[in-house]
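Subject: Handing over a two-chain model

Dear colleague,

I am passing this structure on to you, and I would be grateful if you could look through it alongside the notes below. Please keep the view open while you read.

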Amino acid sequence: MIWDNLLIALQAIRANKMRSLLTMLGIIIGVAAVIAVVSIVQGLNFVIATQFEGVGVTYIMVFPRQDLQDPDLAGREVTLTYEDGLAIMERATGLAYFNPIFFRGEVTKAGSRRYATMLLGVGPYHQEVANHWVDRGRFFSDLDLQRAARVCLVGQEVIDELELEEPVLGTDLIVGSSAFTIIGVMEYQGEMLGQNQDDFVLIPITTARDIYGVEAFKQLRLDFQAESPETVDQARDQMTEILRERHRLPEGMKNDFQILLQEELLETTGAILGTITSVVAGIVSIALLVGGIGIMNIMLVSVTERTREIGVRKAVGARKSDILVQFLIEAVTISLFGGFIGVLAGWGLGILGAKAIPGFPPAHVPLWAVALGFGFAALVGIFFGTYPAAKASALDPIEALRYE
Amino acid sequence: MLITISALRKIYHMGEVEVRALDGVDLEVDAGEYLAIMGPSGSGKSTLMNLIGCLDTPTSGDYILNRQRVSDLDDAELAEIRNHEIGFVFQTFNLLSRATALANVELPLIYARTSVKERRQRAQEALEKVGLGDRGKHQPNELSGGQRQRVAVARALVNNPSILLADEPTGNLDSRTSAEIMDLFDELNKGGNTLVVVTHEEDIAARAQRIVRLLDGKIVVDEKVGNSGEPS
C-alpha cells in the first residue's frame with residue numbers, strides 16, 4: 001500500500017517536473033543552508049577541539065582580570081606575579097607543573113632583516129605545560145634560568161621571516177635591544193584559525209625580568225597542569241583561596257584574577273558556535289516555513305486538478321484514510337526529495353565555503369545534521385501536507401466524479 | 001434476492017426548497033439479471049444509481065445488497081462495499097491518465113489489499129476477458145474510446161463484484177463501438193454477471209431483460225422485455 005502510494009507520488013512528481021522542482025526550492029534552500037552552516041561550524045569545532053586536546057583537560061590558565069567598569073577593581077592595582085604562582089605550587093595540591101608567561105611584542109633583528117614577533121618569557125616547565133616541545137637543540141637549563149642567560153628558542157616562522165641560515169643553533173639574534181644566542185627551535189605547529197602558531201621567541205622568565213624590570217612583571221599569565229582530570233576542580237578552588245589571600249581581597253569582593261579551565265574554554269567556544277548555529281537555524285526555519293507553504297499551495301492545486309481521480313478511487317473502494325495517506329505521502333515525497341537535493345547542495349556549499357576562506361578548516365558534515373535536514377523536510381511535508389490531504393479525503397465521491 | 005430496495009427516499013434541501021430526488025422507490029433485482037434504468041433528466045435515475053452504487057446514503061428507506069443492509073453504513077464501510085460488491089462503468093471512462101491499462105484495472109485490488117502478484121495476474125485476466133490482453137502496457141491516451149471503455153469494464157470486473165453498474169456507458173462512443181460494448185455486456189450477462197445500466201437511449205435499454213422507468217423520483221414502469229429467450 002505504502003509502496004503503491006510512493007509510486008503514485010513519483011508519477012505525479014514526474015508528470016509535473018518543473019512545478020515539483022519549484023515547489024521543492026524552499027525546502028532545498030532551507031536544508032542546504034542548515035547543512036552548509038553546520039558543516040562549517042562543525043569543521044571549526046573539530047579543529048578547536050583537537051587543538052585544545054593538545055594541552056589536555058588538565059590544563060589550567062590564570063590571568064589578571066581587568067575591568068574598568070567593575071567598582072571592585074577600580075583604583076586597585078591588579079597584579080599576578082611569579083611569586084603568586086610559586087605560592088600556588090607550594091600550597092595547592094593536585095598540580096603537576098607550573099609555567100609563568102610574560103608576553104611582549106618585540107622586534108627581532110638578524111643581519112639586515114627586521115621582524116616583529118611575540119616575545120615570551122617562560123619558566124622551566126613550559127614544554128610540559130603547553131605540551132609543545134623542542135624540535136632541535138635544547139630547552140633552557142636550570143643554569144640558564146638561574147643566571148638569566150641571554151639565550152632563546154625560536155619558532156619556525158621567525159627563522160623564515162629573518163631568513164636565518166643553517167646552522168640556526170648558535171646564531172645571534174637581537175630581540176628588542178638585547179642580544180640572544182639561539183639554543184633551540186620549537187616543533188612546528190602550523191596554523192589555527194588563520195593564526196600562525198610558530199611566530200614567537202622564547203626566553204627564560206628570569207632573563208625577561210632582568211631586561212624589562214620588576215614593574216613590567218606585575219601582570220603575568222600563570223599556566224598549570226593538574227596531576228589528573230579529577231584534581232582540576234579541587235586545584236582551582238585552592239588557587240582561588242590562595243590568590244585571594246595573597247591579594248588581600250576582603251570577603252564579598254570579586255576576584256581580581258580569572259581562572260580558565262580547559263573544559264570551560266571548550267564550553268565557551270562551543271557556546272559561541274552554538275549561538276551562530278541557532279541564529280542560522282532561525283533564518284532557516286523561515287525558509288522551511290516558506291517552503292512548506294509552497295508545498296501546501298501546490299498540493300491544494302494538485303488536489304483540485306485530480307478531483308476526478310479522487311472520485312474514481314473512492315468509487316472503486318478507496319477509504320478516506322487511503323486518500324489521506326496517498327496525498328500525505330506525495331507531500332512528504334516532494335519535501336524529502338527537496339531535502340535530499342538540499343543535503344547535497346549544502347554539503348557542496350560547505351566544502352566550497354571552507355575552501356574559499358583562507359586558513360579555514362575543512363568542512364565536516366556529521367550524520368546527525370543529515371538526519372536533521374531530512375527530518376525537518378519530512379516534518380514540513382507532513383505538517384503542510386495534512387490540510388490538502390484532508391481536503392482530498394473529505395471530497396464527496398459523487399461530486400468528485402462529476403467535477404469537470 | 002441480490003438487491004432489495006423498499007420505500008427508498010432521497011430528499012435534498014436547496015435553501016428553502018425541498019427536492020425529492022427519489023420519492024419512495026421499491027425495487028428487487030435478482031442475481032444474474034440484466035436491468036436497464038431509464039428516465040428523463042431530473043427523474044432521479046442518477047440518484048438511484050448513486051444509492052445502488054453505495055456512493056450515497058438514502059434519507060429514508062431500506063437498501064439490502066447481497067444480504068447486507070447498506071442503507072445505514074458509515075463512510076469506511078460503504079467504501080468496502082463499493083470495493084467488493086460494485087463495479088462501476090462511467091460514461092467518460094474515468095481512467096487514470098498517467099497509469100497503464102493494467103495499473104488502472106489493478107486499482108480496486110489495491111484498495112482490497114490484494115498482494116502485488118495476485119493483483120497483476122487478476123488484472124491481466126480481466127483485460128483478457130474484455131479482449132485487451134495485449135494492451136496492458138498502454139496508457140489510456142494510446143487507446144481508442146472503445147478500448148478505454150473496455151479497460152473500464154475490466155476494472156469494474158476485476159474484484160468479482162455482485163453487480164456491474166454502468167452509467168450511460170455508450171454516451172461517449174460512436175454507434176459501432178457502442179454496439180461492441182453492448183455485445184460485451186451481453187456476453188458478461190450470459191456468463192452470470194448482474195448488470196444494471198442507466199441510459200436514456202432506447203436501443204441500449206432494449207438489450208436488457210428488464211426496463212425500469214423513472215419519473216419524478218418514482219418508478220412508473222417496471223417491465224420485462226423479451227430478450228435472450230426470457231419470457232416477457
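The notes below start with how the model is described and then go through what was found.

This is a predicted model, in which local features need pLDDT of at least 70 and side-chain atom pairs count only at pLDDT 80 or more, while totals for chains, interfaces and linings use all residues. Residues are numbered from 1 along each chain as its sequence is written, and chains are lettered from A and ligands numbered from 1 in the order in which they are written.

I begin with chain B as a whole. Chain B has seven helices and ten strands, where helices (H or I, at least four residues) and strands (E, at least two) are DSSP runs numbered from the N terminus. Its radius of gyration is 18 Å, close to the 17 Å that the globule rule gives for 232 residues, so chain B is as compact as a globular protein of that length; the radius is taken over C-alpha atoms, and the rule is 2.2 Å times the number of residues to the power 0.38. Along the principal axes, the C-alpha atoms of chain B fill a box of roughly 50 × 40 × 35 Å. Of the 232 residues in chain B, 48% are buried, a residue being buried if 20 or more other C-beta atoms lie within 10 Å of its own, exposed if 12 or fewer, and partly exposed in between, with C-beta atoms placed from the backbone. Among the contacts in chain B with a separation of 6 or more, 65% join residues 24 or more positions apart, two residues being in contact if their C-beta atoms, placed from the backbone, lie within 7 Å.

Two residues of chain B deserve a look for their backbone angles. B:Arg67, in the loop between strand S4 (60-65) and strand S5 (68-69) of chain B, has a positive phi near 65 degrees although it is not glycine, and B:Arg67 is exposed, with 8 other C-beta atoms within 10 Å. B:Asn94, in the loop between strand S6 (86-89) and helix H3 (101-111) of chain B, likewise has a positive phi, near 55 degrees, but B:Asn94 counts as buried, with 23 C-beta neighbours inside 10 Å.

The contact between the chains takes 18 residues from chain A and 20 residues from chain B. On the side of chain A that touches chain B, the largest share, five residues, comes from H10(A). The residues of that side divide into nine nonpolar, two polar and seven charged; Ala, Val, Leu, Ile, Met, Phe, Trp, Tyr, Cys and Pro count as nonpolar, Asp, Glu, Lys and Arg as charged, and the others, Gly among them, as polar.

Within chain A, A:Arg306 lies in the loop between helix H9 (262-305) and H10, and counts as buried, with 22 C-beta neighbours inside 10 Å. A:Arg306 and A:Ala400 are 94 residues apart in sequence, yet 8.9 Å apart in space, C-alpha to C-alpha. Elsewhere in chain A, the peptide bond from A:Glu166 to A:Pro167 is cis, with omega near -5 degrees, and A:Pro167 sits in the loop between helix H6 (156-162) and strand S6 (172-175) of chain A.

With kind regards
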